[in-house]
Amino acid sequence: MFFLKKKQQLMRVKLDPEKNGVQIGIELVTGKDSQELSLPLSKEEIENYYKLPGFQAYVSWEEIHDAGLLTDSRLSYEDYYQLIEEETGVELLELLQLPVQEMNVHGELKLESLPEQADLKLVLKNENAQTIDRIGRRNGAIAVINQQLFLLPGKVYELQKAIEAEYETGYQKIGVCQKLANEAHIDQEDFLENESYHVVDSYDLEMKVHSPNHIELQPVGSTPAETTVLGSPSPVTTYKTSNKRDRFVRTEKISRDIIQLSKKRHITGEEVPLFLKTRLPCYLNTIMNLILKPFLNEQEELFQLKKFAHILRGTAGFNGLILKQISKWHMMKIF
């Protein structure tokens, strides 16, 4: 009489790195056969499987799932990098056989087109100077080499995402990627080393006071070069020093803002108190430093300050917010 030996069962992690995250599955292995389980497991399935080798991997999957970090069993790379910053997260990832140490890599950012097209390529090499794309493949933040998973540095992944993203112009793409390449300690080919692109995607407004009845709005950047770009008719401004060129590029949104601002750059007459009434909360410091205080520089301009105070009187929120500052200048008598 022959007795059939019961096939051994175990639970095994199935990992599938994708562009935006890692697909994490759990397989039930019976002898030489395997079946991917539908997750999360039911109460009955848990009761049937909890004694099997590898069940702890499911427990880890469930903890990450219950934390809201899985979408259709996929862990995004953004959440992945957050988990490796926490001791508990590292333990959970290790139970799922995911790498928790960032791979040592170096590389070069290359431009394979004209700057307008911005066809950028990131070439990465391991610590043995082997090109990763030749000895394996990259899927998002994971490099697969000889069936082993390696986690790329977070800054390198951010750079790769930036290369694949959509932009308004090629110049903008190069500017963003150059900045990220520097942060990731990635070299740049000679052309990119000598051509630096800077994206101007924000600005502040300063108010220049010509008189109590005439205010001029001026867009300013974080540097004098950015301010020049904001005032230029061209969205791209180039500065050349020695063999290097710095190119400052406005985004399309900023260019549209500048066009609209140019149509109403000067505010005069009755529009002055209306403008200050609607914009007072966000321009309070500007009003203090750029409008009122200059009138105190010369004694003969006291009369102009009185006129300006008269314009502001009654503006919503003005008395409570500004009189306190005025009192510091010992000028309460003008009100």
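In the predicted model, Met11 is in contact (heavy atoms within 4.5 Å) with Ile26, Glu27, Leu28, Leu37, Leu41, Tyr49, Leu52, Pro53, Gly54, Phe55 and Tyr58, residues up to four places away in sequence being excluded. Met11 is also listed, together with Ile24, Tyr80 and Ile186, among the residues with the most contacts inside the largest nonpolar core, which has 60 residues. Such a core is a set of buried Ala, Val, Leu, Ile, Met, Phe, Trp, Tyr and Cys residues joined through side-chain atoms within 4.5 Å; buried denotes under 20% relative accessible area, exposed over 50%, and partly exposed the range in between (1.4 Å probe, protein chains only).

Residues are numbered from 1 along each chain as its sequence is written, and side-chain values use heavy atoms, without hydrogens and water. As the model is predicted, local features need pLDDT of at least 70 and side-chain atom pairs count only at pLDDT 80 or more, whereas totals for chains, interfaces and linings use all residues.

An open sheet is formed by three strands in the order β13-β14-β17, with antiparallel pairing. Its edge strands, β13 (204-211) and β17 (266-268), each pair on one side only. Strands are DSSP runs (E, at least two residues), as are helices (H or I, at least four), numbered from the N terminus; two strands pair if DSSP finds at least two bridges between them. Strand β14 (residues 214-220) is joined to β17 by three bridges, and Glu216 has His266 in β17 as its bridge partner.

Glu127 lies in the loop between β7 (120-125) and α5 (132-135). This residue counts as exposed because its relative accessibility is 63%.
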